[in-house]
Amino acid sequence: MNGTHHQPLRFGAHVIHAFRKNKPAMISLVVLLLMMIIALLAPLLANERPWYMQYHGMNYYPAFTWKKTYYIGNEGGAAEKIQLDITDWKKLNTEKIIFAPIPYSPGKSDYANAGYICPGCEQHFTNAEGHKVAMPLRFRHWLGTGNRGDDLLAGLIHGSRVSLTIGFLSMGIATLIGILLGAFAGFFGDHSLTASRGKIGFTCLGIFFGWFYGFQLPATSFSENILLRLSVSTAIFLFIVFAFSLLGNLAGRIYGLHKKVKVPVDRLISRIIEIMVSLPLFMLMLAVAAVSKPSLTNMMVIIGLTNWTGIARLTRAEMLRIREQEFIQSAKALGFSQTRIMLRHALPNAIAPALISISFGIANAIIIESSLSFLGLGVPQTVTTWGSLLSAGHGNFSAWWLVVFPGLCIFITVTAYNLIGEGLRDALDPKMKS
């Protein structure tokens, strides 16, 4: 039957054409792609280790190695030890050497230019003889330094990796939760999903025991890595719920427990969404971040678990519309299971509005990460982020460059994501379709 074919996704040629006509959105997309390229190439663009050097007649590539130590044989036969993480490459007496465009690593101190040196101020360089001379052009700190002489431009380049990574992965977690819960709520509603009393009862028991054994017992805290703990706890929870669900199928054959009842999926999920929306989420994230160990993983999980409600609401609303379409009714008439119809036929056509929310959500995640890092509750202090650079500038108001340049990076990135989201929203507007 023709009615069983999927409706075409709302992302068609007309949507792409409408999006391309939106110049602010296209410019933002180009800017965002450039930032992604910079983030991917950050170790090559800003690195104190040289790309290539010729030392004692031998060729080395310090920026492209995982080694911690080089042992170089001299003419006399003795081996010279070069420790890569503490060597001052700029003073090494090499035959040839090629540095990265920004010959500094984030967080590394240049004590000759410590104490907040501005971009246009006089900068110094300590040569191999230990004398302070004018800074060579290729070693200049183009955007100034921090209190310990750390290069700001190197920090901005490497900080882009952290911000973009947290934005994408945290919203990946939020998207998975939001789309699944929104799809179940919108497609099944309060009257479409039925189950036996036995299965419902045992599944509820499974949820209780799964939560207790998966998330409450101290045994689940065997690791400080929150991602590993979360993965193990989730696996335990799902296994227990699945096992109790199977027992519920057997219990559903018992007289008195076999009667089918309707499961109010939409009502339950909607109440969970309302509870999450009513909570002061930023204060909740502050509390969780304050008691957990600072790490990138913790930050992504915290943001992801608290920012899925908007995606769930949009998916639910779209599923309420799609479940009444003819191709869904035709699939039901052919006897397909409701789960198959939801996942393979309805859901692919319902995610377009959620993708718009994801774009805005990534921008929001970057702001949250910057805010928590600014307060010292985000990532570890050894990790350089735009928020941590802003926090360093907060300690000295005269160091305007530590506030202006990280602030501009955050502003440009967030604005780009918002303009892309607005471009998608306008492109998907039915009034713009030909």
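Let's start with a word we'll need: a residue is called buried under 20% relative accessible area, exposed over 50%, and partly exposed in between, using a 1.4 Å probe and protein chains only. By that rule, Arg 316 is partly exposed, with a relative accessible area of 25%.

Before we go on, a note on what you're looking at: this is a predicted model, where local features need pLDDT of at least 70, side-chain atom pairs count only at pLDDT 80 or more, and totals for chains, interfaces and linings use all residues. Residues are numbered from 1 along each chain as its sequence is written, and side-chain values use heavy atoms, leaving out hydrogens and water.

So, how many salt bridges does a search of the whole structure find? There are 6, counting a side-chain nitrogen of Lys or Arg within 4 Å of a carboxyl oxygen of Asp or Glu.

Back to Arg 316. Its salt-bridge partner is Asp 266, with the closest N and O atoms 2.6 Å apart. This pair links distant parts of the chain, 50 residues apart: Arg 316 is in helix α10 (residues 309-322) and Asp 266 in helix α7. Helices here are DSSP runs of H or I, at least four residues, and strands are runs of E, at least two, numbered from the N terminus. Asp 266 is buried, at 10%.

Next, Arg 267 meets Asp 190 at 3.9 Å, N to O. Arg 267 is partly exposed, at 46%.

Finally, Lys 91 and Asp 88 form a salt bridge at 3.5 Å. Lys 91 is partly exposed at 34%, and Asp 88 is partly exposed at 37%.
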